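The paragraphs below go through the structure element by element. Please keep the model open while reading.

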Amino acid sequence: MVLGSLLLAACVAVSGGRARGAVNDRRWNAQTVPTRGPAGAVGDYANGCLEGAAALPAKGRGYRVSQIFRHRFFGHPALIAYIRRLAQTLDRKHLGLLTVGDLAQPRGGPTPTGHRSHQSGLDADLGYTAGSPATAFVVDVAKGRLTPLWNAKVIRRLEVAASDPAVDRVFVNPVIKRELCARLPSGTPWLGRLRPWWGHQDHFHVRLQCPSDSPACQRQKALPVGDGCDQSLDWWFTADARATQEDRQRAIGDAPAAPVLPPRCEEVLRQ
Ligand SMILES: [Zn+2]
């Protein structure tokens, strides 16, 4: 349960404005099966849906899905393939079991709890360590520092996860990004894909690029060039960042109306 509640807390943040109306749109959560037919990620990561989803089996080589009851183990087939590929590589390199948290609902779309993103089947929450999820904090957020669970193996797991060519970006706690910037040679190619964000102390969040079979998938703005070890990272440790976080916490639950989902998503619900 601990992993579940933390995933909820942490992943609320990942992008866009708080979509109150959409979050309250329970039609998406009521879907039990994917649509038939070809796969397609529709719309934005935080305002979209998913056609022809694949399900990740509860267990496979090198991974296991936690919180199965949440029924968020669906994704674009590219995401399912990515997780299998990552888990097999971690297994082959003796880097430990991959714990898989939320992917998407059977037809994607907004969830009643937890996330803003994870809507188009291209986002996945994954464990930093191979340890028991309930003890797998690698950052002590209150103290702003790493915990004893952080080690070289975690760095190698992040390297494997972020180096895959299908990956667009990976969200991690700012304390992790700061540590890696201090420790790794500047210009380390995969480091630029690691983006600091609130939460993410017990899991990292992988976001894939729009797959080539998904013309309706809306790309995110390209990442800035470089490894991201610059003033944009320093900001996360300022009073301004703390104030912003407090504002965000206050805003949860009383933000304006939801963005309208792409029209195609209404068809996805009707199928
Ligand atoms: Zn997430």
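**Strands, helices and cores**

Strand E8 is covered on both faces: Asp123, Asp125 and Gly127 on one side, and Ala124 and Leu126 on the other, are all buried. Here buried means under 20% relative accessible area, exposed over 50%, and partly exposed in between, with a 1.4 Å probe and protein chains only. The model is predicted: local features need pLDDT of at least 70, side-chain atom pairs count only at pLDDT 80 or more, and totals for chains, interfaces and linings use all residues. Residues are numbered from 1 along each chain as its sequence is written, and side-chain values use heavy atoms, with hydrogens and water left out. Helices (H or I, at least four residues) and strands (E, at least two) are DSSP runs, numbered from the N terminus.

E8 spans residues 123-127, and five of its five residues are buried. The strand runs antiparallel to E13 (residues 203-208), to which five bridges join it; two strands pair if DSSP finds at least two bridges between them. Within this pair, Asp125 stands opposite His205.

Helix H5 (residues 174-183) has Pro174, Val175, Ile176, Lys177, Leu180 and Cys181 as its buried residues. They pack against strands E9 (139-140), E10 (145-146), E11 (167-172) and E12 (194-196), and against helices H4 (152-163) and H6 (231-234). At the start of H5, a side-chain oxygen of Asn173 comes to within 2.9 Å of the backbone nitrogen of Val175.

Which residues touch the most other members of the largest nonpolar core? They are Leu158 and Leu180, in a core of 49 residues. A nonpolar core is a set of buried Ala, Val, Leu, Ile, Met, Phe, Trp, Tyr and Cys residues joined through side-chain atoms within 4.5 Å. E5 (63-65), H3 (77-92), E7 (98-100), E8, H4, E11, H5 and E13 each supply at least two residues of this core, and H3 gives the largest share, seven residues. Leaving aside neighbours within four places in sequence, Leu180 is in contact (heavy atoms within 4.5 Å) with Trp150, Ile155, Leu158, Trp190, Leu191 and Leu194. A second, separate core of seven residues includes Trp28, Cys49, Leu261 and Val268.

Val268 is also one of the buried residues of helix H8 (residues 263-270), with Cys265 and Leu269. These residues lie on the same side of H8 because they cover an arc of only 100 degrees around the axis, the arc being that of the directions from the helix axis to the C-beta atoms. Strands E1 (40-44) and E2 (47-51) are among what covers them. The face of H8 turned away from its buried side carries the exposed residues Pro263 and Arg270.

Notes: Polar contact = N/O pair within 3.5 Å; in protein donor to acceptor, adjacent residues only side chain to side chain.
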